[in-house]
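Here is a short note for a colleague who has not looked at this structure before. Please read it with the model open.

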Amino acid sequence: MRAKIIGTGSYVPHSVLTNSDLERSVDTSDQWITERTGIRSRHIASPGEGSSALGTKAAASALSCAHLDQADVDLIIVATCTPDMPFPSTACLIQRNLGATAAVAFDVSAACSGFLFALSIADHYIRAETYRNVLVVGTEVMSSVTDSTDRTTCILFGDGAGAAVVQGVDGENGILSNHLHSNGQRWDLICVPGGGSQQPLSETVLNERLNFIKMRGSATFKLAVKMMEQAAREALSAHHLTIDDIDIFIPHQANSRIIEATAKRLQLPMERVVMNIGQYGNTSAASIPLALDEMVRANRIKDGTRVLLVAFGSGLTWASTLIRW
Ligand code: COA
(Lines give C-alpha, C1' and ligand atoms only; values in the text may rest on other atoms or scores of the structure.)
Protein backbone atom coordinates (compact mmCIF):
# COMPACT_ATOMS: atom_id res chain seq x y z
CA MET A 1 0.00 0.00 0.00
CA ARG A 2 1.36 3.42 -0.98
CA ALA A 3 0.06 6.90 -0.21
CA LYS A 4 -0.52 8.69 -3.51
CA ILE A 5 -1.51 12.31 -4.09
CA ILE A 6 -4.59 12.05 -6.31
CA GLY A 7 -5.64 15.70 -6.30
CA THR A 8 -4.26 19.14 -5.44
CA GLY A 9 -5.79 22.57 -4.92
CA SER A 10 -4.80 26.05 -3.81
CA TYR A 11 -6.25 29.43 -3.04
CA VAL A 12 -4.90 32.92 -2.44
CA PRO A 13 -6.93 35.93 -1.28
CA HIS A 14 -7.76 38.58 -3.92
CA SER A 15 -6.04 41.57 -2.35
CA VAL A 16 -2.42 42.08 -3.49
CA LEU A 17 0.27 44.02 -1.61
CA THR A 18 3.06 45.12 -3.96
CA ASN A 19 6.57 46.33 -3.21
CA SER A 20 5.52 49.85 -4.21
CA ASP A 21 2.70 49.67 -1.63
CA LEU A 22 5.34 48.79 1.00
CA GLU A 23 7.58 51.66 -0.16
CA ARG A 24 4.81 53.97 1.05
CA SER A 25 4.59 52.44 4.56
CA VAL A 26 8.19 51.55 5.57
CA ASP A 27 11.72 52.68 4.67
CA THR A 28 12.36 50.22 1.82
CA SER A 29 12.43 50.07 -1.96
CA ASP A 30 11.13 47.81 -4.69
CA GLN A 31 14.73 47.36 -5.84
CA TRP A 32 15.98 46.26 -2.37
CA ILE A 33 13.12 43.79 -1.87
CA THR A 34 13.41 42.32 -5.38
CA GLU A 35 17.19 41.98 -5.29
CA ARG A 36 17.43 40.63 -1.70
CA THR A 37 14.36 38.34 -1.71
CA GLY A 38 12.92 37.91 -5.23
CA ILE A 39 9.51 38.96 -3.88
CA ARG A 40 7.42 41.41 -5.94
CA SER A 41 3.98 40.99 -4.38
CA ARG A 42 2.01 38.97 -1.83
CA HIS A 43 -1.69 38.23 -1.36
CA ILE A 44 -3.34 39.48 1.84
CA ALA A 45 -6.50 38.10 3.46
CA SER A 46 -9.46 40.41 4.11
CA PRO A 47 -10.39 41.29 7.68
CA GLY A 48 -12.19 38.30 9.20
CA GLU A 49 -10.80 35.90 6.58
CA GLY A 50 -8.90 33.35 8.68
CA SER A 51 -6.76 30.35 7.76
CA SER A 52 -9.82 28.06 7.78
CA ALA A 53 -11.50 30.17 5.08
CA LEU A 54 -8.47 29.98 2.78
CA GLY A 55 -7.84 26.32 3.61
CA THR A 56 -11.45 25.35 2.90
CA LYS A 57 -11.23 26.79 -0.62
CA ALA A 58 -7.93 25.01 -1.34
CA ALA A 59 -9.32 21.76 0.12
CA ALA A 60 -12.53 21.93 -1.94
CA SER A 61 -10.47 22.45 -5.08
CA ALA A 62 -8.22 19.46 -4.22
CA LEU A 63 -11.26 17.24 -3.60
CA SER A 64 -12.76 18.24 -6.93
CA CYS A 65 -9.42 17.55 -8.68
CA ALA A 66 -9.37 14.10 -7.02
CA HIS A 67 -13.04 13.47 -7.99
CA LEU A 68 -13.82 12.76 -4.34
CA ASP A 69 -16.82 13.81 -2.32
CA GLN A 70 -16.43 15.38 1.14
CA ALA A 71 -18.14 12.29 2.58
CA ASP A 72 -15.19 10.17 1.36
CA VAL A 73 -12.64 12.00 3.55
CA ASP A 74 -11.44 9.92 6.53
CA LEU A 75 -8.90 12.34 8.00
CA ILE A 76 -8.09 16.06 7.69
CA ILE A 77 -4.64 17.26 8.78
CA VAL A 78 -4.03 21.00 8.69
CA ALA A 79 -0.57 22.51 8.93
CA THR A 80 -0.72 26.09 10.13
CA CYS A 81 1.11 28.46 12.46
CA THR A 82 -1.67 31.03 12.11
CA PRO A 83 -4.78 29.12 13.27
CA ASP A 84 -8.12 30.96 13.30
CA MET A 85 -8.04 30.73 17.12
CA PRO A 86 -6.10 28.77 19.79
CA PHE A 87 -8.89 26.20 19.81
CA PRO A 88 -10.76 24.52 18.25
CA SER A 89 -8.30 23.43 15.60
CA THR A 90 -8.42 24.97 12.15
CA ALA A 91 -8.84 21.39 10.87
CA CYS A 92 -12.16 21.08 12.75
CA LEU A 93 -13.33 24.37 11.23
CA ILE A 94 -12.39 23.17 7.74
CA GLN A 95 -14.18 19.86 8.43
CA ARG A 96 -17.30 21.84 9.33
CA ASN A 97 -17.01 24.14 6.28
CA LEU A 98 -16.61 21.18 3.91
CA GLY A 99 -19.33 19.10 5.60
CA ALA A 100 -16.81 16.24 5.84
CA THR A 101 -18.66 14.86 8.84
CA ALA A 102 -17.01 11.41 8.80
CA ALA A 103 -13.48 12.79 8.98
CA VAL A 104 -11.22 12.98 12.02
CA ALA A 105 -9.53 16.40 12.05
CA PHE A 106 -6.48 17.89 13.77
CA ASP A 107 -3.76 20.52 13.29
CA VAL A 108 0.00 20.15 13.06
CA SER A 109 2.39 22.91 14.12
CA ALA A 110 5.77 22.91 12.38
CA ALA A 111 5.73 26.40 10.83
CA CYS A 112 7.10 26.46 7.26
CA SER A 113 7.83 22.70 7.37
CA GLY A 114 4.24 22.00 8.48
CA PHE A 115 2.92 20.67 5.18
CA LEU A 116 5.66 18.03 4.92
CA PHE A 117 5.17 17.02 8.58
CA ALA A 118 1.42 16.66 7.89
CA LEU A 119 2.04 14.72 4.67
CA SER A 120 4.28 12.33 6.56
CA ILE A 121 1.53 11.66 9.15
CA ALA A 122 -0.92 11.02 6.29
CA ASP A 123 1.57 8.63 4.68
CA HIS A 124 1.97 6.63 7.92
CA TYR A 125 -1.78 6.38 8.61
CA ILE A 126 -2.40 5.26 5.04
CA ARG A 127 0.37 2.64 5.01
CA ALA A 128 -0.90 1.32 8.35
CA GLU A 129 -4.34 1.09 6.63
CA THR A 130 -5.95 3.14 9.43
CA TYR A 131 -7.35 5.70 6.95
CA ARG A 132 -7.73 5.58 3.17
CA ASN A 133 -8.52 9.15 2.04
CA VAL A 134 -6.60 11.91 3.80
CA LEU A 135 -6.90 15.62 3.10
CA VAL A 136 -3.67 17.47 3.90
CA VAL A 137 -3.89 21.27 3.99
CA GLY A 138 -1.27 23.98 4.50
CA THR A 139 -2.93 27.31 5.19
CA GLU A 140 -1.69 30.60 6.59
CA VAL A 141 -2.72 34.17 7.23
CA MET A 142 0.84 35.34 7.89
CA SER A 143 -0.36 38.95 7.70
CA SER A 144 -1.98 38.36 11.13
CA VAL A 145 1.47 37.93 12.75
CA THR A 146 3.47 40.28 10.52
CA ASP A 147 4.58 43.60 12.01
CA SER A 148 3.73 46.16 9.32
CA THR A 149 6.23 48.60 10.89
CA ASP A 150 9.23 46.20 10.77
CA ARG A 151 10.87 46.47 7.35
CA THR A 152 13.04 43.41 7.96
CA THR A 153 10.02 41.07 8.09
CA CYS A 154 6.93 42.83 6.68
CA ILE A 155 8.26 42.55 3.14
CA LEU A 156 8.61 38.76 3.31
CA PHE A 157 5.30 37.16 4.16
CA GLY A 158 2.01 36.53 2.35
CA ASP A 159 -1.28 34.68 2.85
CA GLY A 160 -2.49 31.58 1.02
CA ALA A 161 -3.41 27.91 1.17
CA GLY A 162 -2.65 24.68 -0.64
CA ALA A 163 -4.08 21.19 -0.25
CA ALA A 164 -3.53 17.61 -1.38
CA VAL A 165 -5.79 14.57 -1.29
CA VAL A 166 -3.72 11.53 -0.41
CA GLN A 167 -5.15 8.06 -1.02
CA GLY A 168 -3.97 4.55 -0.25
CA VAL A 169 -3.36 2.69 -3.51
CA ASP A 170 -1.56 -0.45 -4.66
CA GLY A 171 1.39 0.01 -6.99
CA GLU A 172 4.80 1.60 -7.33
CA ASN A 173 3.85 5.28 -7.47
CA GLY A 174 3.23 7.55 -4.50
CA ILE A 175 5.16 8.91 -1.54
CA LEU A 176 8.48 7.05 -1.39
CA SER A 177 9.80 8.53 1.86
CA ASN A 178 9.68 11.37 4.37
CA HIS A 179 12.56 12.62 6.50
CA LEU A 180 11.70 15.02 9.34
CA HIS A 181 14.02 16.96 11.69
CA SER A 182 13.68 19.40 14.60
CA ASN A 183 16.08 21.48 16.67
CA GLY A 184 14.39 23.36 19.50
CA GLN A 185 17.73 24.83 20.62
CA ARG A 186 17.36 27.45 17.87
CA TRP A 187 13.70 28.28 18.64
CA ASP A 188 14.49 32.00 18.90
CA LEU A 189 15.80 32.46 15.36
CA ILE A 190 12.26 32.98 14.13
CA CYS A 191 9.31 33.16 16.50
CA VAL A 192 6.19 35.02 17.64
CA PRO A 193 7.10 35.39 21.34
CA GLY A 194 3.87 36.91 22.69
CA GLY A 195 0.17 36.17 22.64
CA GLY A 196 0.51 32.52 23.70
CA SER A 197 0.34 30.87 27.14
CA GLN A 198 3.82 32.03 28.23
CA GLN A 199 3.17 35.71 27.55
CA PRO A 200 -0.59 36.09 27.09
CA LEU A 201 -1.87 39.12 25.24
CA SER A 202 -1.39 42.17 27.47
CA GLU A 203 -0.67 45.86 27.11
CA THR A 204 3.08 45.11 27.38
CA VAL A 205 2.91 42.44 24.68
CA LEU A 206 1.04 44.83 22.40
CA ASN A 207 3.29 47.83 23.14
CA GLU A 208 6.44 45.78 22.56
CA ARG A 209 4.84 44.23 19.47
CA LEU A 210 5.65 40.74 20.78
CA ASN A 211 2.55 39.32 19.09
CA PHE A 212 4.41 39.66 15.76
CA ILE A 213 7.21 37.71 14.05
CA LYS A 214 10.73 38.33 15.37
CA MET A 215 13.46 36.98 13.13
CA ARG A 216 17.24 36.91 12.93
CA GLY A 217 17.29 37.05 9.15
CA SER A 218 20.86 36.42 8.21
CA ALA A 219 21.39 33.45 10.63
CA THR A 220 18.07 31.97 9.46
CA PHE A 221 19.14 32.42 5.85
CA LYS A 222 22.40 30.47 6.30
CA LEU A 223 20.72 27.61 8.16
CA ALA A 224 17.88 27.42 5.62
CA VAL A 225 20.36 26.79 2.80
CA LYS A 226 22.38 24.28 4.81
CA MET A 227 19.40 22.28 6.12
CA MET A 228 17.50 22.23 2.82
CA GLU A 229 20.61 20.91 1.08
CA GLN A 230 21.03 18.26 3.81
CA ALA A 231 17.35 17.26 3.63
CA ALA A 232 17.56 16.85 -0.15
CA ARG A 233 20.75 14.77 0.07
CA GLU A 234 19.23 12.56 2.79
CA ALA A 235 16.23 11.76 0.56
CA LEU A 236 18.47 11.00 -2.44
CA SER A 237 20.83 8.76 -0.50
CA ALA A 238 17.94 6.82 1.11
CA HIS A 239 16.91 5.74 -2.40
CA HIS A 240 20.40 5.51 -3.99
CA LEU A 241 19.48 8.34 -6.35
CA THR A 242 21.47 11.30 -7.65
CA ILE A 243 20.17 14.83 -8.20
CA ASP A 244 19.85 13.98 -11.92
CA ASP A 245 17.05 11.56 -11.01
CA ILE A 246 14.89 14.43 -9.71
CA ASP A 247 12.53 15.89 -12.33
CA ILE A 248 10.96 18.63 -10.18
CA PHE A 249 12.39 20.15 -6.99
CA ILE A 250 9.92 22.15 -4.87
CA PRO A 251 11.62 23.94 -1.98
CA HIS A 252 9.85 26.04 0.64
CA GLN A 253 9.58 29.57 -0.74
CA ALA A 254 11.29 31.88 1.78
CA ASN A 255 13.73 33.87 -0.36
CA SER A 256 14.81 33.42 -4.02
CA ARG A 257 18.47 33.63 -2.92
CA ILE A 258 17.96 30.75 -0.45
CA ILE A 259 16.40 28.67 -3.23
CA GLU A 260 19.15 29.51 -5.75
CA ALA A 261 21.93 28.84 -3.23
CA THR A 262 20.39 25.47 -2.30
CA ALA A 263 20.05 24.49 -5.97
CA LYS A 264 23.65 25.55 -6.64
CA ARG A 265 24.98 23.44 -3.76
CA LEU A 266 22.98 20.48 -5.09
CA GLN A 267 24.21 21.20 -8.65
CA LEU A 268 20.59 21.25 -9.73
CA PRO A 269 19.74 23.36 -12.82
CA MET A 270 17.11 26.04 -12.08
CA GLU A 271 14.87 24.67 -14.90
CA ARG A 272 13.96 21.84 -12.52
CA VAL A 273 13.46 24.11 -9.50
CA VAL A 274 10.04 25.59 -8.77
CA MET A 275 10.09 29.23 -7.70
CA ASN A 276 6.88 31.26 -7.36
CA ILE A 277 7.95 33.43 -4.42
CA GLY A 278 7.88 36.54 -6.64
CA GLN A 279 4.09 36.42 -6.73
CA TYR A 280 3.24 35.14 -3.23
CA GLY A 281 6.11 35.87 -0.81
CA ASN A 282 6.66 33.41 2.03
CA THR A 283 3.32 31.73 2.78
CA SER A 284 4.86 29.36 5.38
CA ALA A 285 3.05 25.99 5.46
CA ALA A 286 1.11 26.91 2.31
CA SER A 287 4.14 27.54 0.10
CA ILE A 288 4.91 23.94 -0.92
CA PRO A 289 1.32 22.79 -1.64
CA LEU A 290 0.65 26.05 -3.50
CA ALA A 291 3.67 25.47 -5.74
CA LEU A 292 2.82 21.77 -6.10
CA ASP A 293 -0.71 22.62 -7.26
CA GLU A 294 0.64 25.11 -9.82
CA MET A 295 2.97 22.45 -11.24
CA VAL A 296 0.20 19.83 -11.41
CA ARG A 297 -2.14 22.27 -13.16
CA ALA A 298 0.62 23.35 -15.57
CA ASN A 299 1.07 19.65 -16.46
CA ARG A 300 4.71 19.75 -15.34
CA ILE A 301 3.99 16.79 -13.02
CA LYS A 302 2.66 13.62 -14.63
CA ASP A 303 2.58 9.88 -13.95
CA GLY A 304 6.08 8.75 -12.98
CA THR A 305 7.55 12.26 -12.44
CA ARG A 306 10.02 12.22 -9.54
CA VAL A 307 9.23 15.17 -7.26
CA LEU A 308 11.39 16.20 -4.30
CA LEU A 309 9.80 18.52 -1.72
CA VAL A 310 12.09 20.21 0.81
CA ALA A 311 11.17 22.52 3.69
CA PHE A 312 12.79 24.58 6.44
CA GLY A 313 11.13 26.67 9.13
CA SER A 314 10.76 27.90 12.67
CA GLY A 315 11.32 25.38 15.44
CA LEU A 316 13.74 24.84 13.89
CA THR A 317 12.17 22.23 11.65
CA TRP A 318 13.26 20.84 8.30
CA ALA A 319 12.08 17.98 6.13
CA SER A 320 11.97 16.27 2.75
CA THR A 321 9.38 14.19 0.93
CA LEU A 322 10.23 12.18 -2.17
CA ILE A 323 7.38 11.25 -4.50
CA ARG A 324 7.11 9.17 -7.66
CA TRP A 325 3.91 10.71 -9.06
N1 COA B 1 14.53 47.50 2.91
C2 COA B 1 15.72 48.13 2.91
N3 COA B 1 16.74 47.78 3.71
C4 COA B 1 16.54 46.76 4.55
C5 COA B 1 15.33 46.06 4.59
C6 COA B 1 14.31 46.46 3.73
N7 COA B 1 13.11 45.87 3.70
N8 COA B 1 15.42 45.07 5.51
C9 COA B 1 16.67 45.14 6.03
N10 COA B 1 17.33 46.18 5.45
C11 COA B 1 18.69 46.63 5.71
C12 COA B 1 19.18 46.23 7.09
O13 COA B 1 18.72 47.15 8.06
C14 COA B 1 20.67 46.25 6.91
O15 COA B 1 21.10 47.59 6.98
P16 COA B 1 22.46 47.95 7.75
O17 COA B 1 23.53 47.22 6.96
O18 COA B 1 22.51 49.42 7.64
O19 COA B 1 22.31 47.42 9.14
C20 COA B 1 20.86 45.80 5.45
O21 COA B 1 19.57 45.97 4.82
C22 COA B 1 21.27 44.36 5.32
O23 COA B 1 20.46 43.58 6.21
P24 COA B 1 20.58 42.03 6.31
O25 COA B 1 19.63 41.53 7.34
O26 COA B 1 22.02 41.63 6.41
O27 COA B 1 20.06 41.64 4.84
P28 COA B 1 20.00 40.24 4.18
O29 COA B 1 20.71 40.26 2.89
O30 COA B 1 20.32 39.13 5.15
O31 COA B 1 18.45 40.10 3.83
C32 COA B 1 16.50 38.99 4.64
C33 COA B 1 17.49 40.12 4.85
C34 COA B 1 15.50 39.01 5.77
C35 COA B 1 15.80 39.20 3.32
C36 COA B 1 17.28 37.65 4.61
O37 COA B 1 18.15 37.59 5.71
C38 COA B 1 16.40 36.45 4.63
O39 COA B 1 15.67 36.20 3.70
N40 COA B 1 16.50 35.62 5.70
C41 COA B 1 15.80 34.39 5.81
C42 COA B 1 14.38 34.66 6.06
C43 COA B 1 13.60 33.39 6.11
O44 COA B 1 13.86 32.50 5.38
N45 COA B 1 12.64 33.34 7.00
C46 COA B 1 11.70 32.30 7.10
C47 COA B 1 12.32 30.99 7.39
S48 COA B 1 11.16 29.82 6.95
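This is a predicted model: local features need pLDDT of at least 70, side-chain atom pairs count only at pLDDT 80 or more; totals for chains, interfaces and linings use all residues.

1. Start with helix 3 and helix 4. Helix 3 spans residues 51–65 and helix 4 spans residues 90–98; they pack at an angle of about 55 degrees, and their axes are 9 Å apart. That angle makes helix 3 oblique to helix 4. The two helices form a right-handed crossing.

2. Which residues of helix 3 and helix 4 meet? On the helix 3 side they are Ser 51, Ser 52, Gly 55, Thr 56, Ala 59, Ala 60 and Leu 63, and on the helix 4 side Thr 90, Leu 93, Ile 94, Asn 97 and Leu 98. By class, this contact has six nonpolar residues, six polar and no charged.

3. The second pair is helix 7 (residues 217–238) with helix 8 (residues 256–266). Their axes lie 9 Å apart and the packing angle is about 40 degrees. Angles under 35 degrees would count as roughly parallel; helix 7 and helix 8 are therefore oblique to each other. Helix 7 passes helix 8 in a right-handed crossing.

4. Helix 7 brings Phe 221, Ala 224, Val 225, Lys 226, Met 228, Glu 229, Ala 232 and Arg 233 to this contact, where they meet Arg 257, Ile 258, Ala 261, Thr 262, Arg 265 and Leu 266 of helix 8. The residues of the contact comprise eight nonpolar, one polar and five charged.

5. Next, the largest pocket, with a volume of about 990 Å³. It is lined by 36 residues, of which Cys 81, Thr 82, Pro 83, Val 145 and Val 192 are the closest to its centre. Strand 5 (104–108) and strand 9 (190–191) each give at least two residues to the lining. The lining divides into 18 nonpolar, 16 polar and two charged residues.

6. Two peptide bonds deserve a look. Where is the cis bond that ends at Pro 88? It runs from Phe 87 to Pro 88, with omega near 5 degrees, and Pro 88 sits in the loop between strand 4 (75–79) and helix 4. Another cis peptide bond joins Gly 315 and Leu 316, with omega about -5 degrees. Leu 316 belongs to the loop between strand 12 (306–313) and strand 13 (317–324).

7. Last, His 240 has a positive phi of about 50 degrees although it is not a glycine. His 240 is found in the loop between helix 7 and strand 11 (248–251).

Terms used
Residues are numbered from 1 along each chain as its sequence is written. Side-chain values use heavy atoms; hydrogens and water are left out. Axes are lines fitted to C-alpha atoms, for helices over the stretch in contact, and angles run from 0 to 180 degrees between N-to-C directions. Helices (H or I, at least four residues) and strands (E, at least two) are DSSP runs, numbered from the N terminus. Angles under 35 degrees count as roughly parallel, over 145 as roughly antiparallel, 65 to 115 as roughly perpendicular and the rest as oblique. A crossing is left-handed if the near helix is turned anticlockwise from the far one by less than a right angle, and right-handed if clockwise. Contact means heavy atoms within 4.5 Å. Ala, Val, Leu, Ile, Met, Phe, Trp, Tyr, Cys and Pro count as nonpolar, Asp, Glu, Lys and Arg as charged, and the others, Gly among them, as polar. On a 1 Å grid over the protein atoms alone, a cavity is a set of points where a 1.4 Å probe fits but cannot get out, and a pocket is an open set with protein on both sides within 12 Å along at least five of seven lines; lining residues have an atom within 4 Å of a point. Grid points are joined across faces, edges and corners, and a volume is the space filled by probe spheres set on the points.
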